[in-house]
Amino acid sequence: IVPLLLLILVFTSVMSIAAESVAGEKERGTMATLLATPIKRRDIALGKVLAITVIGLLIALSSMLGIFAGLPSIMQGAVDMNVYGPTDYLLIALVIFSTTLLMVMLITVVSTLAKSVKEATMFLTPLMIVVMIVGILGMFGEAQEGIAFYAIPLYNSVQSMIGIFSFDFQPANVAVCVASNIAYTAVGVALLQRMFDSERLMFSR
């Protein structure tokens, strides 16, 4: 249940921030003013992503700490978080970190396509459903062994967390998960910077 809770908490929190930060500024007309400044548009896009990422990582950290602290009570003592060592928590942190970067990128790109906060929320709803389905699928069965599964966005994070929590993971699989999430994020940031260069896209209201 932990991967599902983390995905939903981080996604919904970042969704509201990103929608307001990009689509909200387009709706209010402040984005046009911002783009008219001497600052390069690519730098503005990168600044938006970095700001949302910092907030997203703080949300992910607080969510992770809250879930880990409350899980033994929720499960009525059936779960003991002390069985995990520093290495396990480090790997979990890396997976959550890379997953948060990926979700921030996806949400920000979708928000940039929208003309208003309402439209951004509408566009992001199907993506949120996908995130929930991926999280729910992780509640059934054991972690996948094939390394190819760990290159599938979001699904790889769920599988990695399941493997780590069940002490049934391959370091190579976790490494592929983290590396692929970071690679997808880099591609998304490059796409976002190109989107900010589009007059039609950025000035549509």
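Residue numbers start at 1 along each chain as its sequence is written. In this predicted model, local features need pLDDT of at least 70, side-chain atom pairs count only at pLDDT 80 or more, totals for chains, interfaces and linings use all residues, and side-chain values use heavy atoms, with hydrogens and water left out.

**View 1. α1 against α5.** Here α1 (2-28) packs on α5 (residues 117-137) at about 165 degrees, with the axes 10 Å apart. Helices are DSSP runs of H or I, at least four residues, numbered from the N terminus; axes are lines fitted to C-alpha atoms over the stretch in contact, and angles run from 0 to 180 degrees between N-to-C directions. The pair is therefore roughly antiparallel (over 145 degrees; under 35 is roughly parallel, 65 to 115 roughly perpendicular, the rest oblique). The crossing is right-handed, meaning the near helix is turned clockwise from the far one by less than a right angle, with anticlockwise being left-handed. On the α1 side, look for L4, F11 and M15, among others, meeting α5 residues including L124, M128 and V131 (contact: heavy atoms within 4.5 Å). That contact divides into 15 nonpolar, three polar and two charged residues. Nonpolar covers Ala, Val, Leu, Ile, Met, Phe, Trp, Tyr, Cys and Pro; charged covers Asp, Glu, Lys and Arg; the others, Gly among them, are polar.

**View 2. α1 against α6.** With α6 (residues 155-165), α1 packs at about 140 degrees, axes 9 Å apart, so the two are oblique. This crossing is right-handed. V2, P3, L6 and L7 of α1 meet V158, M161, I162 and F165 of α6, giving eight nonpolar, no polar and no charged residues.

**View 3. α4 against α7.** The axes of α4 (residues 86-113) and α7 (residues 171-196) come within 9 Å and cross at roughly 25 degrees, so these helices are roughly parallel. Their crossing is left-handed. By class, the contact has 18 nonpolar, seven polar and no charged residues.

**View 4. The cavity.** A cavity is a set of points on a 1 Å grid over the protein atoms alone where a 1.4 Å probe fits but cannot get out, and lining residues have an atom within 4 Å of a point; points join across faces, edges and corners, and the volume is the space filled by probe spheres set on them. Lining it are L6, L7, V10, I96, T99, T100, M103 and M161. α4 gives the most, with four residues. The lining splits into six nonpolar, two polar and no charged.

Definitions and conventions: On a 1 Å grid over the protein atoms alone, a cavity is a set of points where a 1.4 Å probe fits but cannot get out, and a pocket is an open set with protein on both sides within 12 Å along at least five of seven lines; lining residues have an atom within 4 Å of a point.
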